[in-house]
Amino acid sequence: MHGQDATADADDGTLMQRVAAGDARALELIADRHTPMLFAVAWRMLGDAAEAEDVVQEAMTKAWVKAASWTPVGGGLGGWLRRIATNLCIDRQRKRAFVSDAEIPERADDSPSADVLIDEARRQAAVAAAMQALPDRQRAAIVLTYYEGVSNAEAAAVLGIGVKALESLLVRARQGLSRSLVQMGMLQEGSAA
Amino acid sequence: MSQLDQMLGNYAPPPVPDGLAVRVAAAAIQEPQDRGTMLPWRRGSVRGGWRRGTLIGSAALGLAFTSAVAAEVASGGRIEIPVVHQMVEAVPILKASVHKQKPVEVALIERRHVSPSRQAAEPLPAAAEPDQPVAGTPRERFIAKFTEAKKEVAERRAAGLPTPNADRIERKAKRMVERRQAAGLPAPSLDEAEMRVAVREWAANRILRRVASNPEGLTDAQVQRFIRILPPKKRDQFSALAPEQQRQMMGQMAQRVLARRMQAQVPDDAAPPADQQAAEIAQQPSEGSPDQPR
């Protein structure tokens, strides 16, 4: 349909205006556009695909409910959704009593079994364990700046802290990751820098 | 790139589950949407909204009360707003402001209607005298104007300006005083003598102006009054004339007064300027004693 194509080409601001007017089709387009990013953030933050799906669901629901109050500032709609997802993940992390770094979250791996891939899988599992061992805000800082490519200023805004504080968080996060990976034998001491 | 960065690169998320975007969108639209940004007139439910109405109401009430108090004070008590009046009466400074204006207005009204005799019996306060309307007979009014004129003459003399008519009256009064003293008669002060000269000349001028305005209406009483005003020497000379000659002479004198009056363009015979009034007086043939000014 020509109208749907035109809607698909619309920018986030236009789509959010339609969402605010109750346009479900516009929300589907937004979800299609931003779900991969939200899922990646949530998964890296939580280390669990099912919980990541829940976070994406909650973020989209908030986008639908609060569409009328959204204003296109800062990082745009993507930044707004990323902030929602990050905060949801932090909330979920805080509700957890304890997460053992011994438990490595399962993940689907459709690649064929091969000796070469075994080492890669082990490295991924080790990094995942090290990430989950980090405090919530340190992990969020790493996810946002390293994986999402968000600027320090924007990441600081997402976490509600100053840029200097974010940089301090990043330093401590990298030190924590290095320490964990060294303990797991995946990283040689002194090679993190 | 450090070894840590290389290892972090291995931390890749799994593929997004199929249909996740459709599912989350379908689930989201089941929720009701917020109304969005509230309109300014519907912000009563926002934080602090309950205070807004109270503040506006208090401000309006205060403004109304202040206006009522101002109206009562400004009206000088003529406007009495029931509740406000009681409060104004309770506050000393406001009460004083209201009642300060009342007596002044009443006093002015009474003064306008007071009779000349009563006013003479009840002299006005000294500070109010210059502003009060001069009441009484034309003679009394002239005396008051003459007193004022003397002040102006004093100012002109102090400023070095000429005062010929005042000088003439002064010379006349001085001669009168000297003659009475030489004759062994009681002599008035120079100021009193000046006053008598001025009054006598004013009275003569007044009669002549009336004659000039209505020559045919000259009565015997006016002639006799004019004779009484004249100084003794001129009185005898004038009395010796026949009645027709007296009337003729009075008519001639009146015409001269009228001519001078037209020349000077004096609008009011009762209130000529001091110097011009003196000029009129100067034309009177009134050399003589001031012992009988009337």
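This is a predicted model: local features need pLDDT of at least 70, side-chain atom pairs count only at pLDDT 80 or more; totals for chains, interfaces and linings use all residues.
Residues are numbered from 1 along each chain as its sequence is written, chains are lettered from A and ligands numbered from 1 in the order in which they are written, and side-chain values use heavy atoms, with hydrogens and water left out.

Let's start with the interface. Chain A brings 45 residues to the contact and chain B brings 30 residues, where contact means heavy atoms within 4.5 Å. Between them the chains bury about 3,300 Å², 66% of it on carbon and sulfur atoms; buried area here is the accessible area (1.4 Å probe) that two parts lose on being put together, summed over both. In chain A, the residues that lose the most area to chain B are A:Phe39, A:Trp64 and A:Tyr146, together 15% of what that side buries.

So what about charges? There are 2 salt bridges between chain A and chain B, a salt bridge being a side-chain nitrogen of Lys or Arg within 4 Å of a carboxyl oxygen of Asp or Glu. One joins B:Asp5 to A:Arg174, with the closest N and O atoms 2.9 Å apart. Another pairs A:Glu53 with B:Arg23 at 3.2 Å, N to O. That pair crosses from helix α4 of chain A to helix α2 (residues 20-28) of chain B; helices are DSSP runs (H or I, at least four residues), numbered from the N terminus. A:Glu53 is partly exposed at 23% relative accessible area, and B:Arg23 is partly exposed at 40%. For the cut-offs, buried is under 20% relative accessible area, exposed over 50%, and partly exposed in between (1.4 Å probe, protein chains only).

Now, within chain A, A:Asp136 and A:Arg139 form a salt bridge at 3.2 Å, N to O. Both lie in helix α7 of chain A, 3 residues apart, about one turn of the helix. Here A:Asp136 is buried at 18%, and A:Arg139 is buried at 0%.

Over in chain B, B:Arg157 and B:Glu170 form a salt bridge, their closest N and O atoms 2.9 Å apart. B:Arg157 sits in helix α7 (residues 138-158) and B:Glu170 in helix α8 (residues 164-182) of chain B, so the pair ties together parts that are 13 residues apart in sequence. A network of salt bridges links B:Arg157, B:Asp167, B:Glu170 and B:Lys174.

Technical notes: Helices (H or I, at least four residues) and strands (E, at least two) are DSSP runs, numbered from the N terminus.
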